[in-house]
Amino acid sequence: MADFNSIIPRRNTDSVKWDVKDNELPMWVADMDFKTAPEIIAAMQKKVAFGVFGYEEPHENLFNAVADWYQRQHHARPKTAWMLFCTGVVPAISSAVRRVSHVGDNVVVSAPVYNIFYNSIVNNGRHVLSSDLVYDAHTHQYSVDWEDLEAKLAEPLSTMMILCNPHNPVGKVWSRDDLIRISKLCIKHHVTLLSDEIHGDLVVGDPQYTPIFSLPEDLIQQTIVCVSPSKTFNVAALHAATVIVPNDNLRQIVNRGINTDELGEPNLLAIPGTIAAYTKGDQWLSELKTHISQNRATLTDFCKQNLPQIHVVSSNATYLVWVDCGEITHNSDDLEAYIRQETGLYVSAGTVYGGNGNQFLRINIACPASMLADGLQRLKQGIQAYQAKTEK
C-alpha cells in the first residue's frame, strides 16, 4: 500500500517548489509531495550500486516498456519504431518548434494553456497565436471555438499547433471526436500538430484520455506526441521523455533537432527509472489516482460550503485544480500575491496562462490530506480577507 499521507520535509533539498519561507505552504508548481513508487526507487538504487556511469543510449527494452504501458493503461499501443528518447517534454517541444517551423511563423495554442508553451514559441522567434477556449460562466466548462480555431490555423504563417491533452491548466480531457476534428483541421491547413500528453495517465473516469497517436494513421502523419513518466510518478528530475512521431519523414526531422540540440543522451537514472515506472508502476498509480480524486472532492466540497463566491472547474484530469475567482477579481496576480502575503499559501495566478486566466487560480492538490486541509483553511482566510479589503 503506497503512503500518500506522510508529510515529507522538502525544504533545503534543492526543491524548486519548496524554496519558500518557513511559514509558507507551496501548492503551485506541478510537483507532487509524495515519494515515487518503491519499484522506481529500487531500480535507481540498483543502478547507483553498479557504480559505472559511462555514456548510455536507449534500446528496444525502453521503448517496449512505453508501448506496453500505453497498451495496458490506455488500450492503444504505439509502434516502437515511432519513438525517440528526449531529456524532457519541454526540451522536445522547443526543439520541434525550431525544426518544424520557421522564425516569424505562428504557433497556434488554445489559451488558457501551460505557460511554458509561450516560452518555447517566443524564445525561438516565433509568434503565439491563440484560439482562446470559450468559457461558460454558468456551467464552469470550456469548449473550442471551432470557427476561430480554423481561422487561426488557416493563416498563412501558421505552421504548427501545440495542444495540451489533457489540457493544463483547465483540466479538460479532449474527446476522441475533438482530437479527430483538430487533427483534420491541421491536415487541411498544413499545420504540424504537437500534442503534449504528459498528464494523460492522471485521468479518472469519463471522459477517458485518448492518446492522439491512437487515431487512424491517416490522421497522425503530421503529428508529434510527447509523453513522460515525470508527472505520473513525480520524477521530473529524471529528465526522461518519449517523443512519438508516426510519420517517417517528420520523425527524421524531429530526431535531427533532438540530436542537434544535444537532447538525446539519457542521464544515469533515466533508462532504469523509466523502465521501472512503465513496467511496475501500475498499482502505485491506481492508488495515487484514488488519493487525488479524494483530494479533489475535498477541495470542491470545501469551496461549496465555505467559499461559494469561487467556483471549481469540474475536471477528472491532472492534480491541478482550476478555480474561478471572477466574482471576486479579474486580477489573479493581485489575489495570489495577497493570499501568499497574508496566509503563506502559495498557489499559481491564472494570468500567466493567457486567455481568461486573469480571473483564475491554479491549485496543486497532489499532497497529503492534512496538507490539503491546511491549504484550504489558508485559502478561506486569504479570500475572505481579500474580499473584506476590496469591499471597503
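Predicted model: local features only at pLDDT ≥ 70, side-chain atom pairs only at ≥ 80, totals over all residues.
1. Y135 and Y142 are both buried.

2. A second pair, W322 with F360, is stacked, because the planes are at 5 degrees, with the ring centres 4.7 Å apart. The pair links distant parts of the chain, 38 residues apart: W322 belongs to strand 12 (residues 320–324) and F360 to strand 15 (residues 360–364). W322 and F360 are both buried.

3. Ring pairs also join F4, F34, W69, F233, Y278 and W284 into a cluster.

4. Salt bridges number 13 in the structure. One of them is between the side chains of E24 and R340, at 2.9 Å from N to O. This pair connects distant parts of the chain, 316 residues apart, with E24 in the segment before strand 1 (25–26) and R340 in helix 11 (residues 332–343). E24 has a relative accessible area of 7% and is therefore buried, whereas R340, at 24%, is partly exposed.

5. R340 has an aromatic contact as well: R340 lies over the face of Y346, 3.6 Å from the ring centre.

6. The side chains of K47 and E56 form a salt bridge at 2.5 Å, N to O. Both K47 and E56 are buried.

7. In the salt bridge of K188 with E150, the closest N and O atoms are 2.7 Å apart. The two residues lie in distant parts of the chain, K188 in helix 6 (residues 176–188) and E150 in helix 5 (residues 146–154), 38 residues apart. With a relative accessible area of 53%, K188 is exposed; E150, with 23%, is partly exposed.

8. F53 sits in the loop between helix 1 (38–50) and helix 2 (60–74). Its relative accessibility is 42%, so F53 counts as partly exposed.

9. From the record: UniProt, in an unreviewed entry, lists residues 31–379 as "domain: Aminotransferase class I/classII large". In the model, that span is 42% helix and 16% strand, and its end C-alpha atoms lie 19 Å apart.

Methods. Residues numbered from 1 in each chain as written. Heavy atoms only, no water. Buried < 20%, exposed > 50% of the residue type's maximum accessible area, 1.4 Å probe, protein only. Phe/Tyr/Trp six-rings, centres within 6.5 Å; stacked < 30°, edge-to-face > 60°. Helix = DSSP H or I, 4+ residues; strand = E, 2+ residues; numbered from the N terminus. Lys NZ or Arg CZ within 6 Å of the ring centre and 35° of its normal. UniProt positions renumbered as here; feature names shortened; annotations may be inferred. Salt bridge = Lys/Arg side-chain N within 4 Å of Asp/Glu carboxyl O.
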